[in-house]
Amino acid sequence: MVTLAGDSTAATSSSEPSTTSGNSVVCHRHGLGERHISGTDANPFRRFIRCLQRKVSGCDFFRWVDEELMPHYLASVQRLKQQKEFLESQLECKAVLTDVLYDKIKLKDEEFNRFKHEYASKQTKETVAMTSKPLIFSLVATGGVLIIALLMINQLF
């Protein structure tokens, strides 16, 4: 089992003796060790082994599996971490900007639909007004008080 561990900071080992059995490092007290990969700034990506029973028994068996990184590799890792953090912050900003733009588009869409509805209502009123005018003009030809009343009603609407 290999896990990324961020809590290993020092290259210390237990006073317990250990042996190497093939590719496995063995703690004499508890048996095989558990493989991990360091996630600390001081020892990034370094592999190490610690006792499987460390949480239960408090065993402090610890061994580095590989050599410490050379300074130029360590600097490269630090630079890559900084670039990663910068790109993640840019990605987060773009996500916020996308949300803002989506909200603006939604508001504009609602505004468009409102104007479309108002335009359709206005068109309907104009259509009704246009269809009622021939009736009024035909009544004008016949004369009378009814014509004046209809013209006044038409003006109200």
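Reply: From the N terminus on, the chain runs β-β-β-β-β-α-β-α-α. That order comprises 3 helices and 6 strands; helices (H or I, at least four residues) and strands (E, at least two) are DSSP runs, numbered from the N terminus. This is a predicted model, in which local features need pLDDT of at least 70 and side-chain atom pairs count only at pLDDT 80 or more, while totals for chains, interfaces and linings use all residues. Residues are numbered from 1 along each chain as its sequence is written, and side-chain values use heavy atoms, with hydrogens and water left out.

Now the cysteines. A disulfide is a covalent bond between the sulfur atoms of two cysteines. Here the term is applied to a pair of cysteine sulfur atoms within 2.5 Å. The search of the whole structure finds 0 disulfides. Cys51 is in no disulfide, and its nearest cysteine sulfur, that of Cys59, is 3.8 Å away. Likewise, Cys59 is in no disulfide, with the sulfur of Cys51 as its nearest, 3.8 Å away.

Cys51 is buried, at 0% relative accessible area, where buried means under 20%, exposed over 50% and partly exposed in between (1.4 Å probe, protein chains only). Cys59 also counts as buried, at 5% relative accessibility.

As for the chain around them, 17% of its 157 residues are buried. Of the contacts (heavy atoms within 4.5 Å) with a separation of 6 or more, 48% join residues 24 or more positions apart. The chain exposes about 12,200 Å², and carbon and sulfur atoms supply 62% of that area, computed by the Shrake-Rupley method with a 1.4 Å probe; for residues, only the protein chains shown count as cover.
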